[in-house]
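I opened a new notebook page for this chain and wrote down what I wanted to look up.

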Amino acid sequence: LRRNPQTHLWAIRIHTRDPEYNLQREAEAQGVKGDRIHVVQGYNEKQHLYVKAAADVFLDTPSYNAHSTGCDVLWSGTPLLTAPGDKMGARVAASLVAAAGCSATIARNEEDYAAIATALATRPRALKAAKECVRQAKVGSPLFDTPRWVRDQERALRLAADVSFSFVDEAGAPGARDFHIVASGT
C-alpha cells in the first residue's frame, strides 16, 4: 500500500470489528492512510463470485491459505497471489495456482510476495497477463477439469481397493493392512 498510493485493501468482516480497527491502526503506523482500508460485512452466496471478480488481485494470507475461497477467486477470473508456507494449510493456494498454470503469482518469500504485489498494482501489462492466465485456466487447466478429476479419483479409489484387498489376515479376511497411496498423472 505504501508503494502504490492508488491501491486500497478490501477485507471481509467475519465476526467482530476488531480486525478492521487493527488493520487501520497498523496502516496508519506504517504511513498509509486508514481510509484506504475497507472492511465490509460478509456477503451472501449469490454475491460471492461477483465480489471476488471485482478485485484486481486476491492477496492470500501466509499462515492459512485460501482453500475453497481460492478456487472461487480463480474461477471468478481474479489472480491469486500467495506464498506457500511450511504447513499443509499454508500451501493449498500455491497448489491451486500451480494447477491453474499461473505460477507467476506464487511468491518464494515475503520480499517476493511484496514485489509481485507491487508489480501487479503498478504495471498494467503484468496485471493483464495474470488475469489472462486465470481466464485461460478456466478452459484448459487441471484445476477446473472436472471430468479429469473424476477419472483420477475413480482410478485412485480402484487402486486403493485393489491394494487393500490384496492383503489378507490370518483368517483370510481382506484389507488387513494400513497403507498410503499416492496417485499422480492421468
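I began with the rule for a disulfide, which is a pair of cysteine sulfur atoms within 2.5 Å. I also noted that such a link is a covalent bond between the sulfur atoms of two cysteines. Before going on, I wrote down that this is a predicted model, in which local features need pLDDT of at least 70 and side-chain atom pairs count only at pLDDT 80 or more, while totals for chains, interfaces and linings use all residues. Residues are numbered from 1 along each chain as its sequence is written, and side-chain values use heavy atoms, with hydrogens and water left out.

**Entry on the cysteines**

How many disulfides does the rule give? I found a count of 1, and the pair is Cys102 and Cys133, with 2.2 Å from S to S. The two cysteines sit in distant parts of the chain, 31 residues apart, with Cys102 in the loop between α4 (92-99) and α5 (110-122) and Cys133 in helix α6 (residues 124-140). I looked up the angle about the S-S bond as well, and at -105° the link of Cys102 and Cys133 is left-handed.

Next I checked accessibility, where buried means under 20% relative accessible area, exposed means over 50%, and partly exposed lies in between (1.4 Å probe, protein chains only). Cys102 counts as buried because its relative accessibility is 5%, whereas Cys133, at 24%, counts as partly exposed.

**Entry on helices and strands**

I took helices (H or I, at least four residues) and strands (E, at least two) as DSSP runs, numbered from the N terminus. The protein chain has 7 helices and 4 strands, and along the sequence they follow the pattern β-α-β-α-β-α-β-α-α-α-α.

I then looked at helix α1 (residues 18-29), whose 12 residues reach 16 Å from the first C-alpha to the last, close to the 16 Å expected at 1.5 Å a residue; the expected span is 1.5 Å times one less than the number of residues. After α1 comes Gly31, with a positive phi near 85°.

**Entry on the whole chain**

Along its principal axes, the C-alpha trace of the protein chain spans about 70 × 35 × 35 Å. Lastly, I noted that buried residues make up 27% of the 186 residues in the protein chain.
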